[in-house]
Amino acid sequence: MKSAVKKLLCCGAKSFPHRARLPEEGRVRVYVGNYRDTQCKLEMDADFLTHPLFEELLRFSEEEFGYSYDGALRIACEINAFIDMINFLKSTTHLLL
């Protein structure tokens with residue numbers, strides 16, 4: 001439920017203040033979506049950046065958008081698929097420790 005609410009709040013919401021707060025320590029901000037004009041801004045655990053699944057997604061995104069970014073990583077991925085991947089990584093993280 002929490003992720004669904006977060007998704008609804010971030011996608012298409014134009015009324016948020018322009019001065020965005022910084023992510024909490026240990027988290028990073030990413031823009032997710034296949035097209036720049038419909039991307040959704042999300043935050044995720046920074047630890048996931050080194051997971052092989054996420055590294056492959058970053059390589060694909062680099063091909064799609066280039067390596068330059070302004071303030072947040074841009075991830076070329078369907079929003080629902082990205083949320084599913086993050087939920088999967090969250091559920092398996094404790095298995096890796």
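# Close-up views of a predicted protein chain

The protein chain exposes about 7,200 Å², and carbon and sulfur atoms supply 57% of it; such areas come from the Shrake-Rupley method with a 1.4 Å probe, where for residues only the protein chains shown count as cover. This is a predicted model, in which local features need pLDDT of at least 70 and side-chain atom pairs count only at pLDDT 80 or more, while totals for chains, interfaces and linings use all residues. Residues are numbered from 1 along each chain as its sequence is written, and side-chain values use heavy atoms, with hydrogens and water left out.

**View 1. The whole chain, to get our bearings.** The protein chain holds three helices and three strands, arranged along the sequence as α-β-β-α-β-α. Helices (H or I, at least four residues) and strands (E, at least two) are DSSP runs, numbered from the N terminus. Of the 97 residues in the protein chain, 27% are buried, meaning under 20% relative accessible area; exposed is over 50%, and partly exposed is in between (1.4 Å probe, protein chains only). Among contacts with a separation of 6 or more, 51% join residues 24 or more positions apart, a contact being heavy atoms within 4.5 Å.

View 2. Three strands form an open sheet in the order β2-β1-β3, with mixed pairing. Because β2 and β3 (73-75) stand at the edges with a single partner strand each, one side of each is left without a neighbour in the sheet. From one strand to the next, the twist averages 40 degrees; axes here are lines fitted to C-alpha atoms, for helices over the stretch in contact, and angles run from 0 to 180 degrees between N-to-C directions. β1 and β2 pair in the antiparallel sense over six bridges, whereas β1 (residues 27-32) and β3 pair in the parallel sense over three bridges. Two strands pair if DSSP finds at least two bridges between them.

View 3. Y31 lies in strand β1 and is partly exposed, with a relative accessible area of 22%. Y31 stands opposite K41 in β2 and opposite R74 in β3. R74 also lies over the face of the Y31 ring, at 4.9 Å from the ring centre; a charge counts as over a ring if NZ of Lys or CZ of Arg is within 6 Å of the ring centre and within 35 degrees of the ring normal. Leaving aside neighbours within four places in sequence, the contacts of Y31 include Q39, C40, A72 and I75. The C-alpha atoms of Y31 and L73 are separated by 6.1 Å, although these residues are 42 apart along the chain. L73 itself stands opposite V30.

View 4. K41 lies in strand β2 and is partly exposed, at a relative accessible area of 34%. K41 and A72 are 31 residues apart along the chain, with 8.5 Å between their C-alpha atoms.

View 5. F48 lies in the loop between β2 (40-45) and α2 (52-65). This residue is buried, with a relative accessible area of 5%. F48 and V28 are 20 residues apart in sequence and 9.7 Å apart in space, C-alpha to C-alpha. Helix α2 lies across β2 and β3, running at about 90 degrees to β3.
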